[in-house]
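Here are my notes for you on this one. Have the sequence and the 3D view open as you read.

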Amino acid sequence: MSLISTAPVGLVAAIHSYILVLECFLWTTPRGRKTFRLTPEFAQQTRTLAANQGLYNGFLAAGLIWGLLHPDAGVGRQIKLFFLGCVATAGVVGAVTAKRAILYVQTVPALVA
């Protein structure tokens, strides 16, 4: 598998790993609150929901990493395409329901990969 096809998928996996960390572990910290523009009170009230969201982002990252590491390149490609489709879909839903910027952070990188 070439670096040209591997690097974008790895980047999308890295983005979703970082989102997992932000949502699961840093949600109520100054960094998490600044990233998501949250008040301390709202961050505290929604930390359980954020942890759940973060876990789903972690599953997306894990699926992409699985696809990158799969020993059968054909199967790995199918796995990557499935999870990239999931990322792109989640980005569209997030852009429509939460914040338009999600389209550029999630969907565009998935489509490029």
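1. Let's start with the largest pocket, which holds about 790 Å³ of space. A pocket here is an open set of points on a 1 Å grid over the protein atoms alone, where a 1.4 Å probe fits, with protein on both sides within 12 Å along at least five of seven lines. The volume is the space filled by probe spheres set on the points, which are joined across faces, edges and corners. The pocket has 27 lining residues, and Glu23, Phe36, Gln53, Ile102 and Gln106 are the closest to its centre. Lining residues have an atom within 4 Å of a point.

2. A word on the source: this is a predicted model, where local features need pLDDT of at least 70 and side-chain atom pairs count only at pLDDT 80 or more, while totals for chains, interfaces and linings use all residues. Residues are numbered from 1 along each chain as its sequence is written, and side-chain values use heavy atoms, with hydrogens and water left out.

3. Which helix gives the most to that lining? That's H4, with six residues. At least two residues each come from H1 (3-24), H2 (30-36), H4 (47-69), H5 (73-97) and H6 (101-112). Helices are DSSP runs (H or I, at least four residues), numbered from the N terminus.

4. By type, the lining splits into 18 nonpolar, seven polar and two charged residues. Asp, Glu, Lys and Arg count as charged; Ala, Val, Leu, Ile, Met, Phe, Trp, Tyr, Cys and Pro as nonpolar; the others, Gly among them, as polar.

5. Now look at glutamate 23, in helix H1. What does the side chain of glutamate 23 make a polar contact with? The side chain of glutamine 53, at 3.3 Å. Such a contact is a pair of N or O atoms within 3.5 Å, one able to donate a hydrogen and the other to accept it.

6. Tryptophan 27 sits in the loop between H1 and H2. With a relative accessible area of 9%, tryptophan 27 is buried. Its C-alpha is 6.4 Å from that of alanine 43, 16 residues apart in sequence.

7. Finally, arginine 37 is in the loop between H2 and helix H3 (40-45). Arginine 37 counts as exposed (over 50%) because its relative accessibility is 70%.

Note on methods. Buried < 20%, exposed > 50% of the residue type's maximum accessible area, 1.4 Å probe, protein only.
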